[in-house]
Amino acid sequence: MAFEYSDMLTTIKDKQWALADIDWDAPGAETLTAEQRPRLKAFMSDLVWIENVGARGFAALAKKAPTEDLKQIYQYFHAEEQRHANAELALMRRWGMIEGDEMPMPNNNIRLVIEWLDRYSDGMPLSTLGTVIPALETALDGALVKFLLDEVTDPVCQEVFRHINSDESRHLAVGFQVLDMLGAGPMRKILIEGAGTVMRPSVMLGLLVYSPLLTRMITNISAMGLSEDKLHIAIRRFDKAGERSRNTRRLPVFHVVKFHAGLAINHRQPFQFVAEQMGTVIDHLPMGLLGKVPSWSNELTHEPVSR
Amino acid sequence: MTRTPSVLIIGAGFAGLGTAIRLLQSGIDDIVILERADRVGGTWRDNTYPGAACDIPSVLYSYSFAPKPDWSRAYSRGGEIQAYVEHLVERYRLTEYIRFGVNVTGLSFDEHTATWTADTAGGETFTGRTVVMAAGPLANASWPDIRGLDSYTGHKIHSARWDHDYDMTGKRVAVIGTGASAVQIIPELVKTAAKVKVFQRTPGWVLPRPDFRHPGWAKELFRRVPATESLARQAWFWGHEAAALGMVWDTPATTAIQLIAKANMRRQIRDPWTRRQLTPDFRAGCKRMLMTSDYYPALQKPNCKLITWPIATISPRGIRTADGIEHEVDCIVFATGFDVCKTGTPFPIAGRDGRKLDDEWASGAYAYKSVSVSGYPNLFLTFGPNSGPGHNSALLYMESQIDYIVKAVRLISSRGIRIFDVRKDRQDRYNAEMQRRLAATTWNSGCSSWYLTADGHNTTMFPGFATQFTRQLARVNLDDYQPVGAG
């Protein structure tokens, strides 16, 4: 059956959920072990911010959507990523990882990604963010989040990530459909656009902040015990889903992102060393020079009800 | 059955009363005005929300045949406009012609007697040899199609039916919509409510409104030398006509308008992300331009918050947005506009051989020069299809239609015409030309708005200058009609 964006939009509207649907005080928080807590806190902090920057990515995509239905879908996805971040914050609060209105601090790398998205994302072509976001979501959905569900038995956590996974499945379905649509154009146009994208200084800069972040996330999750095999399986999912479409295979950006993701999960190649070193450099950058964080990154909340 | 007047006018708002005045001035006093409410005023009677004002200068938003020298401000508040409408009734002694509390539920034409019959909710029927539809395009409030709307247990107010008994002081209020009404309501609400949350779906282009008090000497001058008010009217008129170059047609002037709007936003909004949220992604003019100098400052008040997340559902306690948060509020203000009939009629209208206008307009309304519809003889429309301005005063357009209708009614009366039906070929040719010209306008430049039907058909706006609209209605050409029973 042909994919209809209007049907997908209706499904998205039907599947909305809110933080208020979840009983955040239900028993189960105590199942978290003292050993899990510090590493999980670091992981959740990064996850919250990755959802938040993902949200900003969808906001940029909404500006580029060629149809009203797709634009509305991206507007929902923008909000849904924010919802995931809010729900993850609420989980952190439930687990006593944050107090009151405390917010986890974004690491330097995420801070740079926030800055990059704020400055350049609205100017990116649909194909760039439209490829990177499904890749990240496949990795998050297919490996990191599933791993989290294996490790943490808190039923509220299970409930939250059931909702999040359900949302992500629609994000991926739309993501791959858009790639298919983008790859259906004339090859000449695809190549010119692809070459134009690669030559943009903003894209190069984006790679410089995105690569170490992906490596850092993978290193962190590996340290928590996620096997490399599971990561391979997750990245293969992106690969396979993309390769299924003849159109997507024609997109140079898809191949670049796929190649990069492959590099990022392989510990035994020079890229890993470079990305890790870049991460170290980023850790020592004086972030104060960047000035105030954009106001969109101050919108997160763990409160289900705003009074 | 009461009697058969020459003209039955449906609606006692600006259009209905203006038609009555011009008919009376031309010597036709055999008229009946049917009004469903118990007061005149139409849109201005119904829209009494805080801050209600016209976004067209008052000297231009009034009838040329009934000037008012003492408008208090450049852009008058709703109350003053309503007082002007009521003053018209008094000045032209219209009360005796108006039947209040009569809600028309259907109109049908009898070819045998060449009369129209209006059925009413009260059971009474009224007949007329001609009918003027002056029910107004903005007469019926439109409630949004949002999930859970009926589940909300707090207070609900529609901008077009304001509840003045509800005290906003200290309340947490949500405003849904950011159109022409909302941008006037929000600056007033932030003055009294404890918290105002503005739920925006699509931002509009905002231009500053150069509002000012009319100084006493100007009012005195307008009163003593009416030609000076006429001169001021002409100045405003030509200023607005020039704006058509960017607001009606999609041209470099449209880009210039956008740059002015962006500069205005930059001047008033400090935060770049808020500016991004408030920047439209359609061409200026595609949706109605918003004229306000108070809206942006109001949004930045500490007790006001702009929310651009899609609304997932309305819950019993408030509004849930797609970012997963429930916004608990005491009252929701629906500034969601009006139910504009673009693909039908406000009530069933049956023409010759029982044909139904509702059916014929199902895929988009059309008429000849916005006034006559083939198959519905002796029926005249005010604010009919494709008569909306995007850049100038609606009353100018209305006045042109009224003068055309008066000429037609006089023609019918003086020549003893029984059936005055516009020729279908003329109507089709006119509408083909309208649609061809509309293609180059800002309204058809790709956004969705209340100007367009669901399938993107523009049935509301006139693609041209006000001068062109007026000129096309300057005379009634008998060749455009197929008069039957001409004496």
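The dialogue below goes through chains, domains, sheets, a helix and the core.

Tutor: This is a predicted model, in which local features need pLDDT of at least 70, side-chain atom pairs count only at pLDDT 80 or more, and totals for chains, interfaces and linings use all residues. Residues are numbered from 1 along each chain as its sequence is written, while chains are lettered from A and ligands numbered from 1 in the order in which they are written.

Student: How many residues of chain A are in contact with chain B?

Tutor: Two residues are in contact if their C-beta atoms, placed from the backbone, lie within 7 Å. Here 22 residues of chain A are in contact with 19 residues of chain B. Helices (H or I, at least four residues) and strands (E, at least two) are DSSP runs, numbered from the N terminus. On the side of chain A that touches chain B, α3 (68–94) and β1 (305–306) each supply at least two residues, and α3(A) gives the most, with nine residues.

Student: How do the residues on that side of chain A divide by class?

Tutor: Ala, Val, Leu, Ile, Met, Phe, Trp, Tyr, Cys and Pro count as nonpolar, Asp, Glu, Lys and Arg as charged, and the others, Gly among them, as polar. That side of chain A has ten nonpolar, seven polar and five charged residues.

Student: Which strands form the open sheet that includes β1(A)?

Tutor: Two strands pair if DSSP finds at least two bridges between them. The order of this four-stranded open sheet is β1(A)-β16(B)-β15(B)-β14(B), with mixed pairing. Its edge strands are β1 of chain A and β14 (311–314) of chain B, each pairing on one side only. Two bridges join β1(A) to strand β16 (residues 326–328) of chain B in parallel, and A:Ser306 has B:His327 as its bridge partner there. Strand β15 (residues 318–321) of chain B is joined to β16(B) by three bridges and runs antiparallel to it; B:Gly318 stands opposite B:Glu328.

Student: How is chain B divided into domains?

Tutor: Domain bounds come from an automatic or database domain assignment. Chain B has domain 1 (7–138 + 340–484) and domain 2 (149–212 + 245–334). The contact between them takes 24 residues from domain 1 and 27 residues from domain 2. Taken over C-alpha atoms, the domain centres are separated by 31 Å.

Student: Why does the span of helix α8 of chain A agree with its number of residues?

Tutor: The expected span of a helix is 1.5 Å times one less than its number of residues. Helix α8 (residues 201–223) of chain A has 23 residues and so should span 33 Å; its end C-alpha atoms are 34 Å apart, which agrees. Just after α8(A), A:Gly225 takes a positive phi of about 115°.

Student: Which residues of α8(A) are buried?

Tutor: A residue is buried if 20 or more other C-beta atoms lie within 10 Å of its own, exposed if 12 or fewer, and partly exposed in between; C-beta atoms are placed from the backbone. The buried residues of α8(A) include A:Gly206, A:Tyr210, A:Arg216 and A:Ile221.

Student: How many residues has the largest nonpolar core?

Tutor: A nonpolar core is a set of buried Ala, Val, Leu, Ile, Met, Phe, Trp, Tyr and Cys residues joined through C-beta atoms within 7 Å. The largest has 217 residues, and B:Ile186 is among those with the most contacts inside it. Helix α2 (residues 36–64) of chain A gives the most to this core, with 13 residues. Both domains of chain B also contribute, with at least three residues from each.
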